[in-house]
Structure formats: C-alpha cells, structure tokens
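Biologist: Could you take me through this model step by step, giving the cut-off behind each term as it comes up?

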Amino acid sequence: QVQLVESGGGLVQPGGSLRLSCAASGFTLANYAIGWFRQAPGKEREAVSCISSRDGSIHYVDSVKGRFTVSRDKAKNTVYLQMNSLKPEDTGVYYCATSCSSAVVSAKGSWGQGTQVTVSS
C-alpha cells in the first residue's frame, strides 16, 4: 500500500522544538518532490517547505526560514521537519506530500491525516 504517514506533533511552549516525521511505505521517497504543508484553524493550507525532485534543493516559506530544517533519511524512507524556536503562529495541522503544490495534492485527494502541532504557553 502506497502511503505517507505524518507523526511527531504535540503541544509545545513558545520557543520550543518538535521534529515531525513523514514516513513512506510502498514507494521510495527519494524519487519524489516532498512538500510540507500546514493548516491553521480557519486558514487555508500553506506550503512550509519543499524538497525539489529535480536537484534536491530545499526551499522554505519566509516565515519559517532559519527556524525549520528539512532532512531526509533514505535508509528509513523518511523525511523530517525539525522545527525550532516555535511560535504560536506555527500552530496547525502539518502534512507531507509527494508534491510541492497543495493544488496538485488536493486534485489527487492524497492528503494524509496530518499531525497536530500546538504552540502555546
């Protein structure tokens, strides 16, 4: 079965850290672009980061640059999103997908269950 499963979310105080995991089964993650997205309550889903399938370059939305880091463990077929210096505005459900376009993922209907991140004191 081909699927991505996100995990690692939780409740953290402002300034804290979390590491999210995106584990793939049924296919090899390294062959695909990988996007991390998040959706805050009442807001549209936004792209947080993207690993390009073309050259492996990693891009971040401005609001997380310098705080979030994406890495890939090919042996574990898993991509990680290390989130440091978390802010309340980082709160939301985080998703990973084999595309850097939320429109493409939505068209395919391939969003996973996501993992909840709550940043609050």
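Biologist: Which residue of strand 10 stands opposite leucine 11?

Modeller: Strands here are DSSP runs of E of at least two residues, helices are runs of H or I of at least four residues, and both are numbered from the N terminus. Two strands pair if DSSP finds at least two bridges between them, and strand 2 is joined to strand 10 by 3 bridges, the two running parallel. Within strand 10, the residue opposite leucine 11 is threonine 118.

Biologist: Before we go on, what kind of model is this, and how are its residues numbered?

Modeller: This is a predicted model, in which local features need pLDDT of at least 70 and side-chain atom pairs count only at pLDDT 80 or more, while totals for chains, interfaces and linings use all residues. Side-chain values use heavy atoms, with hydrogens and water left out, and residues are numbered from 1 along each chain as its sequence is written.

Biologist: Which residues make up the uncovered face of strand 10?

Modeller: Strand 10 (residues 115-119) is also joined to strand 9 (residues 92-97), by 3 bridges and in antiparallel fashion, and there valine 93 stands opposite glutamine 116. The covered face of strand 10 holds Thr115, Val117 and Val119, whereas the uncovered face consists of Gln116 and Thr118.

Biologist: Why is one side of strand 2 and of strand 6 left without a neighbour in the sheet?

Modeller: The open sheet has 6 strands in the order 2-10-9-4-5-6, with mixed pairing. Strand 2 (10-12) and strand 6 (58-60) stand at its edges, so one side of each lacks a neighbour, as each has a single partner strand.

Biologist: Is cysteine 100 buried or partly exposed?

Modeller: Cysteine 100 is joined by a disulfide to cysteine 50, with an S to S distance of 1.8 Å. Cysteine 50 lies in strand 5 (residues 46-51) and cysteine 100 in the loop between strand 9 and helix 1 (102-108), so the pair ties together parts that are 50 residues apart in sequence. Buried means under 20% relative accessible area and exposed over 50%, with partly exposed in between (1.4 Å probe, protein chains only). Cysteine 50 is buried at 16%, whereas cysteine 100, at 27%, is partly exposed.

Biologist: What is the pairing when the bonded cysteines are numbered in sequence order?

Modeller: The count comes to 2 disulfides. In sequence order, the pairing of the bonded cysteines is 1-3, 2-4.

Biologist: Which element gives the most to the lining of the largest pocket?

Modeller: On a 1 Å grid over the protein atoms alone, a pocket is an open set of points where a 1.4 Å probe fits, with protein on both sides within 12 Å along at least five of seven lines, and lining residues have an atom within 4 Å of a point. Residues including Phe27, Tyr32 and Lys108 line the largest pocket, and two or more lining residues come from each of strand 1 (3-7) and helix 1. The most, 3 residues, comes from helix 1.

Terms used: A disulfide is a pair of cysteine sulfur atoms within 2.5 Å.
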